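Dear colleague,

I am passing on the structure below, together with notes on what was found in it. Please read the notes alongside the coordinates and the sequence.

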Amino acid sequence: MAALLLVVGAVGALFAGVGLWEICRQFFTADIPAGIDHPGKLRVLHCVFQVLKAWGMIFEKLRICSMPRFVRFVHDLILLKKEPGVVVKDLHFGTIPVKLYQPTASSRSLQPGILFFHGGGTILGSLKLYYKTCCHLCKESNSVVLAVGYRSAPEHKFPTMLTDCLAATVLFLKSLDTYGVDPARVVLCGDSVGGGMATVICQQLVNRSDLPKIRAQILVYPPVQFLDFQLPSYQQNRNVPLLTLDLLLQSIAYYLDISPTWKSALMKGAHVPAEVREKYRKWLSPENIPDRFKKRGYQPMPSVPLNESAYLETRVILDSINEPLLAEDEVVSRLPEACIISCEFDLLRDNSLLYKKRLEDLGVRVTWHHMEDGFHGVLSTFDFGWFNFPCSVRILNTMVQFLKGL
């Protein structure tokens, strides 16, 4: 018994020590901009997240479970309460878990339909984490919401997320009458990687004449390119929670099965052949980003020679599925109107700005909202107790107003 208590005590001390180290370390590495509403709250949230990641890495090293799986387990411990005005059903589309949200108020007419893809960098996030977000969307916009529980990395790698989300989308579009959804008012919606997935699926469905046309897309700080990691927002916000550059590259490595040793090559752009960089310069150029977004500091970086090994080992990142910003004009020009929401203190801010310009240049209507005090991942804090940020409420209300205007 004494030996067992000693082991338990040692393990507890190890986890406590690692947690304390991570809390101290983030005070020297995390950048909490003064422009964020409740910066102290963000620092606490970041500390909690970093501690969970550190504990998760211990489990990963011990081959008990991956770091992302541990973090997902913890954030899914939240208890869900029944939301008045919304009926929620847990379903499966084949093997894909989905949550269906329907307004309880009776309606004689067909209702709008929303396909929601949650964020989390392909490694975090879940149906439970976005439960309150989807309930609010359903109730306030009087829409039927289908949230897709796609399989996450690192257990399920590229292109699993796409195949799950696309399959669920097609099945939903083929059964709209079952759920009382108006086929002329179906919207694809997502935040972070879920927003990126919404862009990709919209592009994939452009030529599907057998399915109802998507009415609109709502994209909340979506990733739409992985060629250039030196845009102004990457330089300005590389250490701003909740998405730091290190976490972004870690997520990419998990999902695309890329060795983390290529981190430096990716950051410098050494994984991109010169002809590819030149071909897409017109869409990726920092000159497409308004000057006001460069005032917090931006240093143009010279192109570096191609690292042939880095290109061969990471070329999956250049797959068209991972680069919706770079899709052909013939596809982009036929996309539905978009609502794009960006955040000032977001690593991916300039992805939104570049995609907005690309759509507008090709005649696609864009409604753009920029959250001056926002940071990446803030939507996931909606109604999250003490960790709720006012910006999350404004983002959700913006989404609702856009939906009501369709």
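In what follows, a residue is called buried when its relative accessible area is under 20%, exposed when that area is over 50%, and partly exposed in between (1.4 Å probe, protein chains only). This is a predicted model, in which local features need pLDDT of at least 70 and side-chain atom pairs count only at pLDDT 80 or more, while totals for chains, interfaces and linings use all residues. Residues are numbered from 1 along each chain as its sequence is written, and side-chain values use heavy atoms, with hydrogens and water left out.

Helices (H or I, at least four residues) and strands (E, at least two) are DSSP runs numbered from the N terminus. In helix 6 (residues 193-204), the buried residues are Val-193, Gly-194, Gly-195, Gly-196, Met-197, Ala-198, Thr-199, Val-200, Ile-201, Cys-202 and Gln-203. Because 11 of its 12 residues are buried, helix 6 is largely enclosed by the rest of the structure. The cover over these residues, counted by contact (heavy atoms within 4.5 Å), includes strand 3 (111-117), helix 5 (160-173), strand 5 (181-191), strand 6 (216-220), helix 13 (329-332) and helix 14 (349-361).

Turning to the nonpolar cores, each is a set of buried Ala, Val, Leu, Ile, Met, Phe, Trp, Tyr and Cys residues joined through side-chain atoms within 4.5 Å. The largest has 91 residues, of which Phe-229, Leu-248, Ile-252 and Leu-359 touch the most other members, and helix 8 gives the most to this core, with 8 residues. Apart from it lies another core, of 45 residues, among them Leu-129, Leu-137, Cys-343 and Met-399.

As for pockets, a pocket is an open set of points, on a 1 Å grid over the protein atoms alone, where a 1.4 Å probe fits, with protein on both sides within 12 Å along at least five of seven lines; lining residues have an atom within 4 Å of a point. The largest pocket holds about 950 Å³ of space. Its lining comprises 49 residues, and those closest to its centre are Gly-119, Gly-120, Gly-121, Leu-124 and Gly-125. Helix 8 (245-256) and helix 6 are among the elements that give two or more residues to this lining, and helix 8 gives the most, with 6 residues.

The second largest pocket has a volume of about 500 Å³. Among its 20 lining residues, Asp-228, Arg-277, Arg-281, Met-301 and Ser-303 lie nearest its centre.

With best regards

Key:
Points joined across faces, edges and corners; volume = space filled by probe spheres on them.
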